[in-house]
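Trainee: Could we go through this model together? I'd like to start with the loops and then move on to the sheet and the helices.

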Amino acid sequence: MSVKELNIKLEGINLLNFAGFNDNNINHIRECFDSTIVLRGENLFVKGDEQEVKTIERIINELVFLYNRQGEISTEDVKLILNLVDTGDDNRVLEKYNVTSGDVKDIILFKKNDFIKPRTRTQLIYHKKSLENDIVFAIGPAGTGKTYLAVAFAVSALKKKQVNKIVLTRPAVEAGENLGFLPGDLSEKVDPYLRPLYDALEDMIPFEKLKTYLERNTIEVVPLAYMRGRTLNNSFVILDEAQNTTTIQMKMFLTRLGANSRAIITGDTTQIDIPKRELSGLVQVQKILDGIDGIEFVFFEKSDVVRHKLVKDIIEAYEKHNTEI
């Protein structure tokens, strides 16, 4: 018998929701095989006959897939997958969504008939860093997926019950952060500046569910000026367009984080709209926070652009123009 050892990483997974109370779901799998299966933290160790270990790996991949769709695994889910293995149809769930076993670990979020996963190497690094660190800065040109993926990270964390709340914010630079002179209530004043964040949410969450989240403040979309004085616990917080923050605003935002909270800060330092006399908080923070454990910086390039193919050409044309001035 050829013996194989395998370590399956369960990163970013709520182990209680996945393994069940007292590891009940894992115990169901153990009962069906002779291999040794041990769960230690985020590591699932498997040792046994090579073919059997491969089968167990497929089972775990299927369960991770279902967990990412549902946010938890039930005993019935485990029995379903085990039954599919017995009937030789163990890839049926993945094939239904045109997913390979290799895709499963990289999937960030499932939508109704699709899923979101990294499309470039930098996006893959971005995803990995977001799982490993409490604060991640994503810096680079437009169209590289910085904001869209950040929202996907947040929605995934909420769905998996890793956080209780999502807060999305960006500086309303065009309104000078002084919104009092504009007509209407807060929503009417700032919605035009926050629209890109709503667009991402609407692409990922069914309309009625999103409406409920917003009404209950499970998801908040607010201008940066209204973050002052708050402490955000058990939250996933995103600061978008961070190149348009001042140093004081950036410090204010970063110090809002409370217990069990995570933050993603996105921005493009080539599109700074604040007055030239003000230093961009996103530019300065790279020097101030560099090297601090738990904080990571991810830098995107124009090669990471995933919008219309002309966006990359437009960025290159502007870069060339700026160097000639």
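Trainee: Where does Asn22 lie?

Mentor: Asn22 lies in the loop between helix H1 (15-19) and helix H2 (24-30), where helices (H or I, at least four residues) and strands (E, at least two) are DSSP runs numbered from the N terminus. Before we go on, please keep in mind that this is a predicted model, in which local features need pLDDT of at least 70 and side-chain atom pairs count only at pLDDT 80 or more, while totals for chains, interfaces and linings use all residues. Residues are numbered from 1 along each chain as its sequence is written, and side-chain values use heavy atoms, with hydrogens and water left out.

Trainee: Is Asn22 buried or exposed?

Mentor: Asn22 counts as exposed because its relative accessibility is 58%; buried means under 20% relative accessible area, exposed over 50%, and partly exposed in between, with a 1.4 Å probe and protein chains only.

Trainee: And what is phi of Asn22 near?

Mentor: Phi of Asn22 is near 55°, a positive value in a residue other than glycine. Most residues other than glycine have a negative phi. Asn260 also has a phi near 55°, and Asn260 sits in the loop between H11 and strand E10 (262-267).

Trainee: Which residues is Ser261 in contact with?

Mentor: Leaving aside neighbours within four places in sequence, Ser261 is in contact with Asp134, Leu232, Asn233, Asn234 and Ser235, contact meaning heavy atoms within 4.5 Å. A polar atom of the Ser261 side chain lies 2.6 Å from the backbone oxygen of Leu232, and a polar atom of that side chain lies 3.0 Å from the backbone nitrogen of Ser235.

Trainee: Switching to the sheet, what is the strand order?

Mentor: The open sheet has six strands in the order E8-E7-E9-E10-E6-E11, with parallel pairing, and two strands pair if DSSP finds at least two bridges between them. Strand E8 (219-223) and strand E11 (295-299) are the edge strands, each pairing on one side only. On average, neighbouring strands are turned by 15° against each other, direction ignored.

Trainee: Which strands does H12 lie across?

Mentor: H12 lies across E6, E10 and E11, running at about 125° to E6; axes are lines fitted to C-alpha atoms, for helices over the stretch in contact, and angles run from 0 to 180 degrees between N-to-C directions.

Trainee: At what angle do H11 and H12 pack?

Mentor: Helix H11 (residues 247-254) and helix H12 (residues 281-288) pack at about 65°, with their axes 8 Å apart. Thr247, Met250 and Leu254 in H11 meet Gly281, Leu282, Gln284 and Val285 in H12.

Trainee: What about H7 and H8, which residues meet there?

Mentor: Gln123, Tyr126, His127 and Ser130 in H7 meet Lys146, Leu149, Ala150 and Phe153 in H8. The axes of helix H7 (residues 121-132) and helix H8 (residues 146-159) come within 11 Å and cross at roughly 35°.

Note on methods:
A polar contact is a pair of N or O atoms within 3.5 Å; within protein, one must be able to donate a hydrogen and the other to accept it, and residues adjacent in sequence count only if both atoms are side-chain atoms.
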